[in-house]
Amino acid sequence: MPRVDADIKLDFKDVLLRPKRSSLKSRAEVDLVRTFTFRNSKQTYTGIPIIAANMDTVGTFEMAKVLSKHTLFTAIHKHYTLEDWKQFASSSPECLEHVAVSSGSGQADLERLCSILEGIPLIKYICLDVANGYSEHFVEFVKTVHAKFPNHTIMAGNVVTGEMVEELILSGADIIKVGIGPGSVCTTRIKTGVGYPQLSAVIECADSAHGLKGHIISDGGCSCPGDVAKAFGAGADFVMLGGMLAGHDQCAGDITEKNGKKVMLFYGMSSDTAMKKHSGKVAEYRASEGRTVEVPYKGDVEDTIRDVLGGVRSTCTYVGAAKLKELSRRTTFIRVTQQFNQMFT
C-alpha cells in the first residue's frame, strides 16, 4: 500500500526569519567564517562555507580563482583533464585548499579521479556527485573512494532524508549534499515526480548528520541572498549555488546578444545540452532531467559575491547572531503565504 506522509514540508519561499533583539551595531561585526573538523578525514576546514556548484558553466577554475580570494569554495566540474588541473595547480596553488575534484561513480570516473589526486597531492576535497544518492552502487563507491583516500574529505550526494545521510556518513563521506529537484535548471520533479521541499530536507538532514558529527551542504533552491541565509538558518553547514552564480565572466560559455541584451547559456548537468556535449547523445534508456536556459549576462562575479555575503551578514544582525555559527541557534522560521510585495516584479 502506498503511504502518505501528511506532515507539512516547506521550501525557502514558505518561510521568513523572525527578527530578534540584537546587540550588534553593524553588519560589519558579523563573522561569516566557519571552522569544521570532519568526522572521517579528520581534516580541518576554515572559510566562508558557500560553494560554487560542480556544473560545467559554474564550477570553473576561473570561478575558483575569484571565490578563493573571499575564502569561498568551488566544486570543480568533472570534465577538466589532468593536464588542465596541473596547469591550474601550478598557476594558482593558493586556490587548492578551497576546491574539490568532482567525480561520478563509474569505473572511468574512478580512474580519472585517482590520476588527478595522485598527480596533485595538495587537493584535499573530493565531490562524489550522482543524481540519485540512494543506490547501493553509490554507497559502495563512497566506501571504495574513502578506502583509497582516507585522508581526503569526501562530499557525497544527492539525498534528502536522514537515514541516507547517516548511511553515507558511515560509509566514509564527511559532507552530504542535500537536494533532489530544487535546482533552477533541474527538471527531476517534473520528469520523475520525485523530490523533497528543500527547507524541510535541510532541517531533517542536518539533524541526522550532526548527530554523527557529520556535515551537510544545502544544494539547490536558492534564488536570492535571503534563501542562502534561510539554508544556513535551517542548519546547513555549507550552501551550494548554481543559478545564482551563472551568467558571470568567470563562467564557461559564450556571451551572445538577444533582443539587444547580453545573455549566457546555463544548463543542468542532466540536460540534453550537457549529455550531448559530453556523451554525444542522450542515452535511449533515460530522459533528460535538466533544462537549458539563457541567463542575463551579469559581469564580474565579485559583485554577486558581495551581494550574497552582505545579505547573510544583514540576516545575522536581524536575529542577533554575531557569527554565522550562531545563526541556526538564533533562527525561528515563520510560515508565510508570500515572501515579498510583487507589485514591481
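Analyst: Two strands pair if DSSP finds at least two bridges between them. Helices (H or I, at least four residues) and strands (E, at least two) are DSSP runs, numbered from the N terminus. This is a predicted model, where local features need pLDDT of at least 70, side-chain atom pairs count only at pLDDT 80 or more, and totals for chains, interfaces and linings use all residues. Residues are numbered from 1 along each chain as its sequence is written, and side-chain values use heavy atoms, with hydrogens and water left out.

User: How do I read strand pairing, and in what order do the strands of the barrel close?

Analyst: Strands of a sheet pair through backbone hydrogen bonds, either parallel or antiparallel. Here eight strands close into a barrel, ordered β4-β5-β6-β7-β8-β9-β10-β11, with parallel pairing. From one strand to the next, the twist averages 25 degrees. Axes are lines fitted to C-alpha atoms, for helices over the stretch in contact, and angles run from 0 to 180 degrees between N-to-C directions.

User: How many bridges join β9 to β10?

Analyst: Four bridges link strand β9 (residues 175–178) to β10, and the two run parallel. Valine 178 faces serine 218 of β10 across that pairing.

User: What is the order of the open sheet?

Analyst: The open sheet has three strands, β12-β13-β14, and its pairing is antiparallel. β12 and β14 (292–296) are the edge strands with a single partner each, so one side of each has no neighbour in the sheet. The twist in this sheet averages 45 degrees between one strand and the next. β13 and β14 run antiparallel and are joined by five bridges. Tyrosine 267 stands opposite threonine 292 in β14.

User: Now helices. Which residues of α2 are buried?

Analyst: First the cut-offs: buried means under 20% relative accessible area, exposed over 50%, partly exposed in between (1.4 Å probe, protein chains only). In helix α2 (residues 82–91), Trp85, Phe88 and Ala89 are buried. Viewed down the axis of α2, these residues fall within an arc of 100 degrees, so they line one face of the helix. The arc is that of the directions from the helix axis to the C-beta atoms. The general idea is spacing: an α-helix has 3.6 residues a turn, so residues three or four places apart point the same way.

User: What lies on the other side of α2, and what covers its buried residues?

Analyst: Glu83, Gln87 and Ser90 are exposed on the other side. The cover over the buried residues of α2 includes α1 (61–69), β5 (73–76), β6 (99–103) and α3 (107–119). α1 itself lies across β4 (50–52), β5 and β6, and runs at about 165 degrees to β5. Contact means heavy atoms within 4.5 Å.

User: At what angle do the axes of α4 and α5 cross?

Analyst: Helix α4 (residues 136–148) and helix α5 (residues 162–170) have axes that come within 9 Å and cross at roughly 30 degrees. They are therefore roughly parallel to each other. Angles under 35 degrees count as roughly parallel, over 145 as roughly antiparallel, 65 to 115 as roughly perpendicular and the rest as oblique. α4 brings Phe138, Val139 and Val142 to the contact, and α5 brings Met164, Glu167 and Leu168. By class, the residues of this contact are five nonpolar, no polar and one charged. Ala, Val, Leu, Ile, Met, Phe, Trp, Tyr, Cys and Pro count as nonpolar, Asp, Glu, Lys and Arg as charged, and the others, Gly among them, as polar.

User: Is threonine 161 buried or exposed?

Analyst: Threonine 161 is buried, at a relative accessible area of 18%. It sits in the loop between β8 and α5.

User: Last, backbone angles. Where is the peptide bond that is cis?

Analyst: Most residues other than glycine have a negative phi, and most peptide bonds are trans. In this model the bond from glycine 157 to asparagine 158 is cis, with omega near 20 degrees. Asparagine 158 belongs to strand β8 (residues 153–159).

User: What is phi of asparagine 259, and what is phi of lysine 213?

Analyst: Asparagine 259 has phi near 50 degrees, positive though the residue is not glycine. It is in the loop between β12 (255–258) and β13 (261–267), and counts as exposed at 77% relative accessibility. Lysine 213 has a positive phi of about 65 degrees. Its loop runs between α7 and β10 (215–219), and lysine 213 counts as exposed at 64% relative accessibility.
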